[in-house]
Each structure stands twice: as structure tokens, then as C-alpha cells.
Amino acid sequence: MKRGYEVTRNPHLNKGMAFTLEERQQLNIHGLLPPCFLSQDVQVLRILVNFERQTSDLDRYILLMGLQDRNEKLFYKVLTSNIERFMPIVYTPTVGLACQQYGLAFRRPRGLFITIHDRGHIATMLKSWPEDTIRAIVVTDGERILGLGDLGCYGMGIPVGKLALYTACGGMKPQECLPVILDVGTDNEELLRDPLYIGLRHKRVRGKAYNDLLDEFMQAVTFRYGMNCLIQFEDFANANAFRLLNKYRNKYCTFNDDIQGTAAVAVAGLLAALRITENKLSDHTILFQGAGEAALGIANLIVMAMQKEGTPEHEAIKKIWMVDSKGLIVKERSSLTTEKERFAHKHDEMKNLEDIVRAIKPTVLIGVAAIGGAFTKQILKDMASFNKQPIIFALSNPTSKAECSAEQCYQMTEGRGIFASGSPFDPVTLPSGRTFYPGQGNNAYVFPGVALGVVSCGLRYISEDIFLTTAEVIAQQVSKKHLEEGRLYPPLVTIRDVSLKIAVKIAEEAYSNKTASFYPEPEDKEAFIRSKIYSTDYDNFVVDSYVWPEEAMKIQTGNP
């Protein structure tokens, strides 16, 4: 056990003024703190007061990150005290702004910064990390941060924020999580000219050198932390995201949240919406604005869900249409990627989204192209004209990139629209007096529970079935009352319970189909997983001290 000044500077151990007098004396830190003794609840209150005094969300983000650097238990106690309030600060949408301003907001390094020039030495760099047991890693190369593009080394804010939610929403132990940035340069000219930029100052390295770096990273991580170490890929550009997922998914315990996590949360929203429309997923025609990794991930999982309903794969594919930067994706178009080609159908080429909506007449419209305002008033009116209850998902992040707002959707569809978004929107009250509480299709419903389940039972590989299972579990947590309020997702306040249910379901299926590697199989899987969940309560550092009976001591000391 560490003692002295170092204890007050270690975020895993530090309790601030919550150290008792006895702890201060035994740890040799008495006098290093003011003569004040606070409970953790009072400390939370102090943080909340300071939090509300900040004038901007970026300042609030910096305040919370500073707390995470000083006192980890208190940081997570604050987050879990009101996850609905704090999630938009530590993750989307504020984390996007924080990444853009990372050079200014940077206070203390969190995570591992690995560059293209460190090839051949990644195993040595991993030894620099102070924790020997790492069960989950979130890694990015910073090329496609949210809807903001190439932010290079500034993208480190994403793995840090993501892993904070692994703990706050899923209960993963923070000391067993590692954020990593693979810095291969940036093509963002503005950053290359910025004197405050903290990353490599050259254009992105691509090709063989890039691939070799990724291969070495995956090998070094699994050699040091084991084949069960979960590696989540985050915010890689489209060109690399699918390629790397397909390359590594059957070799390592890995998934891509932008593809698979987004897919699970979107499909969960659709499954919940079906309870309003009272039909099957295969009864719908789905149009995507966007054909990148998020859109293709969602589309592929929708096909799986339709197949589970009994629809043949080729029929399910026919019900999905996509629009990219060049217009409607059709068979006649040349140079389509393999992923896009799957959803290309025979149709005249069209470029204008309003015209495409009128031609296809979708029942579901999903936006994932990060084009703010793409769902115009006319498109929303048209969706309402040929659908009794149009399903409209504006999933792009951050808020400025949302295809439409909740208010626009509900107003233009006269309250008949079934809406979900990627970023949070305030409740909307229509002239009729009815109030809607728009659902936020946040990936935080997915990745913490998936990580907890995968790590708890020691899965070696993560199949697509896990994400369909996750979507089904999330949808099951939406009550009839939630649907009446316009919510397609359970309230964020219940997210820890949702994550636990996802984890338990993943563990049950893993042991059932013999893909788990941790044995003996626990009889009560929920109790087993609960026992692994991180506690935000302070540990007691008082040494277990006691005396022997007086008579025994007299005998042992020879002083009867």
C-alpha cells in the first residue's frame, strides 16, 4: 500500500478531504490536507455547485476531466449521480468541441500515445503503462472524429470519453481500461499550422507502414494483456473501418463501435418503434441518407433482424436503399465499394434527396451522413403524407450535424412522426398540448453492456449476433408509457441496469454455445457479473488493528 504525499496525487487512491483522521495518520498524509473531514456526498455537492457555476459546456468538460485526474472514485460518483446531465458533457456532443480544442484543454496526459515512428517498439511502450491488467482498450487514429473529420492527435478525447462511459454506464473498472491514439499524422491543414497542436506535424502515413503499425499494435496488446483483451476501434475513416474490422474480427476480441454499436442502437430503436406501428420490420422500406460505416452497419444488422423474422436475405436487402454524396446508390453506378454494392438496386440515378424520398416513399428515413438540416421541412411533410406514422432517425453527431431537430420532426408530421436522434434534444410540446420526449439513440446504450458481458465471460471473438441480441434487450426495456411519451429508448437514468441485462444475456448465450472461455460456468450469471462491477464508494484504508486478550499477552511476554 502506498503511503505519504503520493497517495494524495494518485487518482485511484485519493479521497481528498474524505480521508478520516485515522487514515491520514496511518497513511502519513496528516497535515497535507486541511483540517476538514467531508463525506463523499458533500464532495459530490461541492462539484455540482462548481459545475453549475461554469459558463460553457467546454469549461464543464475541463472541470470534470480535472476531477477524473485527481479523484477517480468521486468523478464516477458524480457521473452516476445524474448520468442524463453529465453524459452530454463527457461524451457527445461536448466531447466533439473538446477534441477540436484539445490543445487548449490539455492538462494531463491520459492514455497511451503511439506514433507511426514507434513501429518495432510498441511492446516496450505498453510496458510504460502502470497497470498490468487491462481488459478493455478503445483505440482511434483520429481520422474521422464524430462528424468533425480529421482531428489527428486531438482525437484522444474520444477514447478517454468512451472509457469513462464504460465505467459510468457499464461498471467496468477504470484501472482495467486503456485509451490509445495511433498518431500517423493528419491531413488537416489547420492543425498542421496550429502552434498548439500536440500531434505529429506531417501528412497521414498510409499503405504498408500504416498496416504494419496496426498489425504490430494488435499483436503487442494481446501478447501483454491476453487474447481476451477487448479492443474497440473508434472513429477510423470509412476506408479503414470495414477493412480492419473484417481483417481482425476472427483473430482478436474486437469490434467497431461506429459500425456495430451504432447498428445495435439504431435497430433497438426500430424494434421499439414496431410496437407503435404494430407491424414487422420486413414490412418497412428503409432509406438511408449516408452510406458510410454507420449506415452500412445499421443496414447489415437490419437484414439480420429481418431474417430472424423469416424474411429471406435477398428480400430483406431489397427493402433497404441508400443515398451517398453522389446520390441514390443504384446498380448502374460504376466503382461502388463491395459494402455499398450489396444495397444497390435497379433504379434511375437521382441526386436530390427530396426527389428520392418522393420516388422511394420510405416508411423509415435514417440520417447518418453528418449533413445538418438534410431532412428539410418538405421531406418531413412528404414522409407524413404517405405514412400514417413515419419513422425518422436523425442520428448524426454532434447536434449541429443533426439532419433535423425533434421539434421540426414533430411539427412537420403533426405529431405522427416517430423520432430518434444521435444527440439529445429537449422535450417538444405541440399546440395540441401533447409533449414528446425524443429518444436519443446513443451508442452508450450498447458498448458498456457489450464490453461488460464480453469481458465477464472471456469471449475470444465478437459475432454480429451479439449486437442483434443487444438491440433486442434494449428494446425490451422500453415500456408502453415510454412509447406514449415518444421515447424509443429507456431513460438514461436506467442505463446501468440496461447494461447489466445486456451483459447477462451475452454471458448466457456465450456459455450456451460454448464460446465463453472462463470456467467453471457461474450458476447465477447476474450475481457473478454484479460482483465484477466497479464501486464508486471510497475504500477504507484504516489498517485492521486489534489487541490480543490481556491474559494471553501476559503469558507470551513472560510477565504474569
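Which residues in H4 meet residues in H5? In this predicted model, local features need pLDDT of at least 70 and side-chain atom pairs count only at pLDDT 80 or more, whereas totals for chains, interfaces and linings use all residues. Residues are numbered from 1 along each chain as its sequence is written, and side-chain values use heavy atoms, with hydrogens and water left out. On the H4 side the residues are Leu64, Met65, Leu67, Gln68 and Arg70, and these meet Glu72, Leu74, Phe75, Tyr76 and Val78 in H5, contact meaning heavy atoms within 4.5 Å. Helices (H or I, at least four residues) and strands (E, at least two) are DSSP runs numbered from the N terminus. Helix H4 (residues 57–70) packs against helix H5 (residues 72–81) at an angle of about 140°, and their axes are 6 Å apart. Axes here are lines fitted to C-alpha atoms, for helices over the stretch in contact, and angles run from 0 to 180 degrees between N-to-C directions. The angle makes H4 oblique to H5, given that angles under 35 degrees count as roughly parallel, over 145 as roughly antiparallel, 65 to 115 as roughly perpendicular and the rest as oblique.

An open sheet of 5 strands is present, with parallel pairing and the order E1-E3-E2-E4-E5; two strands are taken to pair if DSSP finds at least two bridges between them. Strand E1 (112–115) and strand E5 (254–256) each have a single partner strand and stand at the edges, so one side of each is left without a neighbour in the sheet. On average, and with direction ignored, neighbouring strands of this sheet are turned by 25° against each other. Within the sheet, strand E2 (residues 136–140) pairs with strand E4 (residues 230–233) in the parallel sense over 4 bridges, and Val139 has Phe233 in E4 as its bridge partner. Helix H10 (residues 157–170) packs on the sheet, where it touches E2, strand E3 (177–183), E4 and E5, and its direction makes about 165° with that of E3.

A parallel pairing over 4 bridges is also found between strand E9 (residues 364–367) and E10, in which Ile392 of E10 is the bridge partner of Leu365. From strand E10 (residues 391–394), Ile391 and Phe393 point one way and Ile392 and Ala394 the other way, and all are buried, that is, under 20% relative accessible area, with exposed meaning over 50% and partly exposed in between (1.4 Å probe, protein chains only).

When residues up to four places away in sequence are not counted, Phe288 touches Ala295, Ile298, Ala299, Ile302, Ile320, Trp321, Met322, Val323, Ile366 and Val368.

Ala273 is found in helix H14 and, at 0% relative accessibility, counts as buried. Leaving aside neighbours within four places in sequence, Ala273 is in contact with Ile391, Ile418 and Leu488. The C-alpha atoms of Ala273 and Leu483 are separated by 8.0 Å, although these residues are 210 residues apart along the chain.

Helix H15 (residues 293–309) has 17 residues and should span 24 Å at 1.5 Å a residue, which agrees with the 25 Å between its end C-alpha atoms; the expected span is 1.5 Å times one less than the number of residues. Of the 17 residues of H15, 12 are buried, so the helix is largely enclosed by the rest of the structure; among them are Glu293, Gly297, Ile298, Ile302 and Met306. H15 is followed by Gly310, which has a positive phi near 115°.

The loop between helix H20 (406–412) and strand E11 (418–421) contains Thr413, which is buried at 0% relative accessibility. Thr413 touches Leu380, Ala384, Pro390 and Ile392, not counting residues up to four places away in sequence. Glu414 is placed in the loop between H20 and E11, but is exposed, with a relative accessible area of 63%, and has a positive phi of about 55° although it is not a glycine.
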